[in-house]
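Student: Hi! Could you walk me through this one while I have it open in my viewer?
Tutor: Happy to, let's take a look together.

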Amino acid sequence: MNKTEIKIIPSTSAEFEYIKSIRTQVFINELHADGTKEFDEYDLPSANTKHFILFDEGTPVATARLAFTPSGAKLGRIAVLKQYRSKGFGASLVKAVLTYAFAENTVDFAEYVLVDARAEAVPFYKQFGFAPIGKVFTDRGLPHIPMCIDKGVFVNE
């Protein structure tokens, strides 16, 4: 069995370079997202954002962020390197982010979490209890659907 570790890091950490590399490979190089919009105000050191990175056997393979926005806690920029997909890393990462967001002993406690899911990833998010809450829109040149999960719906199994 592989040894995985999930870390929460600030954007000022040297390990943020791993996050930038993973997101660049997945969103810009592979999915052809607009690279000028990949890194935004929620990646700045002043943002109230938690950056998650998943390591497999010491290798950084997946990332996500939890941004505390004016509209609420927002999961985003979930990316798993192509050669590490279909191994449960994305699900592990989403569960870790939701567990953190819904933990009542954190300063950043949330009652719900939003995600703008890429259209083809909607079934992935539904497995955790996310439900669509709006219509398709374009973000970074890719179709997305806004979704939400309430704290009471999430079960970390």
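Student: How many bridges join β2 to β3?
Tutor: Eight, and the two strands run antiparallel. Bear in mind that this is a predicted model. As one example of the pairing, isoleucine 53 has threonine 63 in β3 as its bridge partner.

Student: And what's in the turn of that hairpin?
Tutor: Two residues lie between β2 and β3, and glutamate 57 in the turn has a positive phi of about 50°.

Student: What about β3 and β4, how many bridges there?
Tutor: Seven, again in an antiparallel arrangement. β3 and β4 also form a hairpin, with two residues between them. Alanine 62 has valine 80 of β4 as its bridge partner.

Student: Is β3 mostly covered or mostly open?
Tutor: Mostly covered: ten of its eleven residues are buried.

Student: Switching to helices, why does the length of α2 make sense?
Tutor: At 1.5 Å a residue, its 14 residues should span 20 Å, and the end C-alpha atoms are 20 Å apart, so the two agree. Ten of the 14 residues of α2 are buried, including Phe89, Leu93, Val97 and Tyr100.

Student: Which element gives the largest share of the lining?
Tutor: β4, with seven residues. Others that supply at least two residues each include α1, α2 and β5.

Student: And how does the lining divide by residue type?
Tutor: Into 16 nonpolar, seven polar and 13 charged residues.

How values were computed: Residues numbered from 1 in each chain as written. Predicted model: local features only at pLDDT ≥ 70, side-chain atom pairs only at ≥ 80, totals over all residues. Heavy atoms only, no water. Helix = DSSP H or I, 4+ residues; strand = E, 2+ residues; numbered from the N terminus. Nonpolar A, V, L, I, M, F, W, Y, C, P; charged D, E, K, R; others polar. Expected span 1.5 Å × (residues − 1). Buried < 20%, exposed > 50% of the residue type's maximum accessible area, 1.4 Å probe, protein only. Pairing = 2+ DSSP bridges.
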